[in-house]
Amino acid sequence: QVQLVESGGGLVQAGGSLRLSCAASGGTFSRVYMGWFRQAPGKEREFVATIDWSGTTTYYADSVKGRFTISRDNAKNMEYLQMNSLIPEDTAVYYCAADAQQYRPIVPRLSSQYAYWGQGTQVTVSS
């Protein structure tokens, strides 16, 4: 079955960087969008970034634009989120997600548009 496993979370000081990784298995991911979401304590899960199957189309939440970079390596079935200039407001559990619809024509920014999810990795940014 489809499995997504995140890694790379941790504790970092404000201004620092982290790189999250997501290893995907059990499906064909080279034809779908893959994304990142996050959920802070007491808040709803929110969209962070997404990337299309070819890696040419990316979309970011305004709150992370210019600081985070999403990428993927289809040969390795991997997705990445490079996070720079981290701020305390970035503290959350970060989730990797994969769409089930191949070649979706519209950029998926809703959690309901993603069928598969990882277990999450904690990112904590101290001030």
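Which residues of strand E11 (residues 121-126) make up its covered face, and which its uncovered one?

Reply: The model is predicted, and what follows should be read with that in mind. In strand E11, the covered face consists of Thr121, Val123 and Val125. The uncovered face consists of Gln122, Thr124 and Ser126. Side chains in a regular strand alternate between the two faces of the sheet.

E11 has pairing partners. Strand E2 (residues 10-13) runs parallel to E11, and 4 bridges join the two. One of the bridge pairs is Leu11 with Thr124 of E11, and Thr124 belongs to the uncovered face. E9 pairs with E11 in the antiparallel sense, over 3 bridges. Here Tyr94 stands opposite Thr121 of E11, a residue of the covered face.

E9 leads on to the disulfide. The structure holds 1 disulfide, formed by Cys22 and Cys96 with their sulfur atoms 2.0 Å apart. Cys22 lies in strand E3 (residues 18-25) and Cys96 in strand E9 (residues 92-98), so the link ties together parts that are 74 residues apart in sequence. The angle about the S-S bond is -70°, which makes the link left-handed. Cys22 and Cys96 are buried.

Cys96 is also among the contacts of Gly35, along with Tyr95 and Ala97. Gly35 sits in strand E4 (residues 34-39). Its relative accessible area is 0%, so Gly35 counts as buried. Between Gly35 and Trp117 the C-alpha distance is 9.6 Å, although 82 residues separate them in sequence.

Phi of Asn77 is near 55°, a positive value in a residue other than glycine. With a relative accessibility of 26%, Asn77 is partly exposed. Another positive phi, of about 50°, is found at Ser85, in the loop between E8 and E9. Ser85 is partly exposed, at 41% relative accessible area.

Back in E7 (residues 68-73), Arg72 deserves a separate note. Arg72 touches, among others, Ser30, Tyr33, Ile51, Trp53, Met78 and Tyr80.

Salt bridges are present elsewhere: the structure holds 5. The side chains of Glu46 and Arg38 meet in one of them, at 2.5 Å from N to O. Glu46 is partly exposed at 35% relative accessibility, while Arg38, at 5%, counts as buried. Arg38 forms a further salt bridge with Asp90, at 2.9 Å from N to O. The bridge between Arg38 in strand E4 and Asp90 in the loop between E8 and E9 links parts of the chain 52 residues apart. Asp90 is buried, with a relative accessible area of 1%. Asp62 and Lys65 meet in another salt bridge, with an N to O distance of 3.1 Å. Asp62 is exposed, at 66% relative accessible area, and Lys65 is partly exposed, at 48%. Through shared partners, salt bridges join Arg38, Glu46, Arg67 and Asp90 into one network.

Technical notes. Residues numbered from 1 in each chain as written. Predicted model: local features only at pLDDT ≥ 70, side-chain atom pairs only at ≥ 80, totals over all residues. Heavy atoms only, no water. Disulfide = S-S within 2.5 Å. Buried < 20%, exposed > 50% of the residue type's maximum accessible area, 1.4 Å probe, protein only. Contact = heavy atoms within 4.5 Å. Pairing = 2+ DSSP bridges. Salt bridge = Lys/Arg side-chain N within 4 Å of Asp/Glu carboxyl O. Lists of a residue's contacts leave out its neighbours within four places in sequence.
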